Amino acid sequence: MVTFLLNESKYYDIETMSCVLQVPKVKIQRELKKMNTDFVKYKNLHLHNELTLLNLMELILIEKLYKVDGRF
């Protein structure tokens with residue numbers, strides 16, 4: 001798990017988000033493209049802020065609950 005600190009903000013790369021959310025990287029990339037989020041490019045990594053990770057958590061949680069329950 002890799003976390004970068006910049007101006008007192010935490011930034012995460014896609015691989016780390018994939019591990020935290022336990023979904024494939026492709027799904028995260030697809031959702032990030034839909035959200036049009038800002039990112040910081042560091043070396044060869046696209047780093048997204050902590051708020052983006054929380055938004056992805058919310059989307060994926062709702063999607064998983066819908067698959068389990070079907071009534072959401």
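These are my notebook entries on a predicted model of one protein chain.

**Entry 1: the overall layout**

I began with the secondary structure, and the chain has three helices and four strands. Reading from the N terminus, I noted the order β-β-α-α-β-β-α. Along the principal axes, the C-alpha atoms fill a box of roughly 40 × 25 × 25 Å.

Next I looked up burial, and 28% of the 72 residues are buried. The chain exposes about 5,600 Å², with carbon and sulfur atoms supplying 55% of that area. I also checked contacts with a separation of 6 or more, and residues 24 or more positions apart account for 50% of them.

**Entry 2: helix H1**

I moved on to H1, which covers residues 14–21. Which of its residues are buried? I found Ile-14, Thr-16, Met-17, Ser-18 and Leu-21. These buried residues pack against strands S2 (9–12) and S4 (45–49), and against helices H2 (25–35) and H3 (50–69).

Leaving out residues up to four places away in sequence, I see Ser-18 touching Val-23, Pro-24, Lys-25 and Ile-28. After H1 comes Gln-22, and its phi is positive, near 55 degrees.

**Entry 3: helix H2**

In H2, I listed Lys-27, Ile-28, Glu-31 and Leu-32 as buried. Looking down the axis of H2, I see these buried residues within an arc of 130 degrees, so they line one face of the helix.

What covers the buried residues of H2? The cover includes H1, S4 and H3. On the other side of H2, Lys-33 and Lys-34 are exposed. Just after H2, I noted that Asn-36 has a positive phi of about 50 degrees.

**Entry 4: charges and salt bridges**

I then turned to charge, and the chain has 11 positive and 9 negative side chains. The centres of the two sets lie 7 Å apart.

One is between Glu-15 and Lys-25, at 3.5 Å from N to O. Glu-15 is in helix H1 and Lys-25 in helix H2, so the pair ties together parts ten residues apart in sequence. Glu-15 is partly exposed because its relative accessibility is 40%, and Lys-25 is partly exposed as well, at 41%.

Another joins Lys-27 and Glu-63, whose closest N and O atoms are 2.9 Å apart. This pair links distant parts of the chain, with Lys-27 in helix H2 and Glu-63 in helix H3, 36 residues apart. Is Lys-27 buried or exposed? Its relative accessible area is 18%, so Lys-27 is buried. Glu-63 comes out at 28% and counts as partly exposed.

Glu-63 also forms a salt bridge with Lys-67, and here the closest N and O atoms are 4.0 Å apart. The two are separated by about one helical turn because they are four residues apart in helix H3. Lys-67 has 65% relative accessibility and so counts as exposed. Through shared partners, salt bridges join Lys-27, Glu-63 and Lys-67 into one network.

Methods. Residues are numbered from 1 along each chain as its sequence is written. This is a predicted model: local features need pLDDT of at least 70, side-chain atom pairs count only at pLDDT 80 or more; totals for chains, interfaces and linings use all residues. Side-chain values use heavy atoms; hydrogens and water are left out. Buried means under 20% relative accessible area, exposed over 50%, partly exposed in between (1.4 Å probe, protein chains only). Contact means heavy atoms within 4.5 Å. Accessible areas come from the Shrake-Rupley method with a 1.4 Å probe; for residues, only the protein chains shown count as cover. Lys and Arg count as positive and Asp and Glu as negative; His and the chain ends are not counted. The place of a charge is taken as NZ of Lys, CZ of Arg, CG of Asp or CD of Glu. The arc is that of the directions from the helix axis to the C-beta atoms. A salt bridge is a side-chain nitrogen of Lys or Arg within 4 Å of a carboxyl oxygen of Asp or Glu.
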